[in-house]
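Thanks for coming. I will show one structure and then talk through its parts in order.

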Amino acid sequence: MLPRLLSSTALALLATGLVNHASPAPASMPTPRLTITHEARSLQPGELVVLIIESDTALSTIAVTAFDRTERVQPLPPSEDRPHAWLALVGIDLDVRPSTHRISVSATALTGTAAATHTLAVSAKSFPTRKLTVDPGFVNPPATVTARIQKEAVILNALWKGTAGPNPATDLAFVAPVPHKANSAFGTRSVFNGQPRSPHGGADFLSPAGAPIKAPAPGTVVLADDLYYTGGTVVIDHGLGIISLFAHMSRMDAMVGTTVARGDVLGLVGATGRVTGAHLHWTVRVNGSRIDPLSLVAVLSGNQTR
Ligand SMILES: [Zn+2]
């Protein structure tokens, strides 16, 4: 699932900043030479792609552009066979069209500049449709809650962007937040009370009410509040543009502004917000892209997922 070279570094990823670890390259080498590889569960909408960029010399800057956005990049701890390597996480959003998409990398070193491209052949994925019956107030909300819904959407849209600045991830070994099975597939087209709504943007775990929800990886709590659609909601910024949202909690233990370690209890599984019953809904965004949380767990930890 995951190459050894990545899993070992992902488990203890050090935020070292953009530091030059080696002496300058020989003058005969006009530019840095870049090698780009990727690892993914599959190249389809909703999947996470781990991009590894290696250079034959130290770099002073590096920039990665994918799907018309600038991605966050952080250095990997140097090793003997890979002294200059960088990591970027590229989410293939749910709405990305099947096609060949190009990732652009540009870099500068003491010896010069370099540009390289890497292609992702994204194939189509057909998502099933599910029909659910919920309180009518969650399908056509009354006018009295319109302002609240809009305000909450603005708050969440800001949070999906992640904390400003480099904000590197300190640890990228993700685990599932609960030990229970996930039932409905990410991307499922949802029909509530006979009316189509936006696709399901997360994974639902069949967890009993009251089960503890644990942080899948370290991060900073950026929201802990009662929201209209997602009920008791906790949002964690894991760094490197990875944002987790946990919904429908009956109790929130996480406090905004605090940091959590992997395994810390964030709250309890509940049935608050737009639900048909108690379960845990987990949403993940990577630099704004909607991805299946199970692909994150699969690619970054090598865990078996459904
Ligand atoms: Zn859900």
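The model is predicted, so local features need pLDDT of at least 70, side-chain atom pairs count only at pLDDT 80 or more, and totals for chains, interfaces and linings use all residues. Residues are numbered from 1 along each chain as its sequence is written, and side-chain values use heavy atoms, with hydrogens and water left out.

First, the overall count. The protein has three helices and 20 strands. Helices (H or I, at least four residues) and strands (E, at least two) are DSSP runs, numbered from the N terminus. Of the 306 residues, 49% are buried. Buried means under 20% relative accessible area, exposed means over 50%, and partly exposed is in between, with a 1.4 Å probe and protein chains only. If we take contacts between residues at least 6 apart in sequence, 72% of them join residues at least 24 apart; contact means heavy atoms within 4.5 Å.

Now the core. A nonpolar core is a set of buried Ala, Val, Leu, Ile, Met, Phe, Trp, Tyr and Cys residues joined through side-chain atoms within 4.5 Å. The largest one here has 39 residues, and Leu89, Leu172, Leu266 and Leu296 have the most contacts inside it. Several elements give two or more residues to this core, including β2 (48-55), β6 (85-91) and α3 (293-301). The most comes from α3, which gives five residues. Both domain 1 (4-122) and domain 2 (129-301) give residues to this core, so it lies between them; the domain bounds come from an automatic or database domain assignment. There is also a second, separate core of 23 residues, which includes Val96, Ile103, Val105 and Ala107.

Back to Leu89 for a moment. Leaving out residues up to four places away in sequence, Leu89 touches, among others, Leu48, Leu172, Val286 and Leu300.

What about α3 itself: how many of its nine residues are buried? Eight of the nine are, so α3 is largely enclosed by the rest of the structure. Among those buried are Pro293, Leu296 and Leu300. Asp292 caps the N-terminal end of α3, with a side-chain oxygen 2.9 Å from the backbone nitrogen of Leu294.

Next, the zinc ion. Which residues are its protein donors? They are His200 (NE2), Asp204 (OD) and His281 (ND1), lying 2.0 to 2.1 Å from the zinc ion. Donors are N, O and S atoms within 2.8 Å of the metal (3.2 Å for Na, K and Ca); water is not among the atoms, so sites may look incomplete. The spacing of the donor residues in sequence is H-x3-D-x76-H. His200 and Asp204 are both buried.

Ser207 sits in the loop between β12 and β13 (212-214). Ser207 counts as buried because its relative accessibility is 2%. The C-alpha atoms of Ser207 and His281 are 9.6 Å apart, although 74 residues separate the two along the chain. The side chains of Ser207 and His180 are joined by a polar contact of 2.8 Å. A polar contact is a pair of N or O atoms within 3.5 Å; within protein, one must be able to donate a hydrogen and the other to accept it, and residues adjacent in sequence count only if both atoms are side-chain atoms.

Last, backbone angles. Most residues other than glycine have a negative phi. Phe67, in the loop between β3 (61-66) and β4 (69-71), has a positive phi of about 50°. His248, in strand β16 (residues 242-252), has a phi near 70°.
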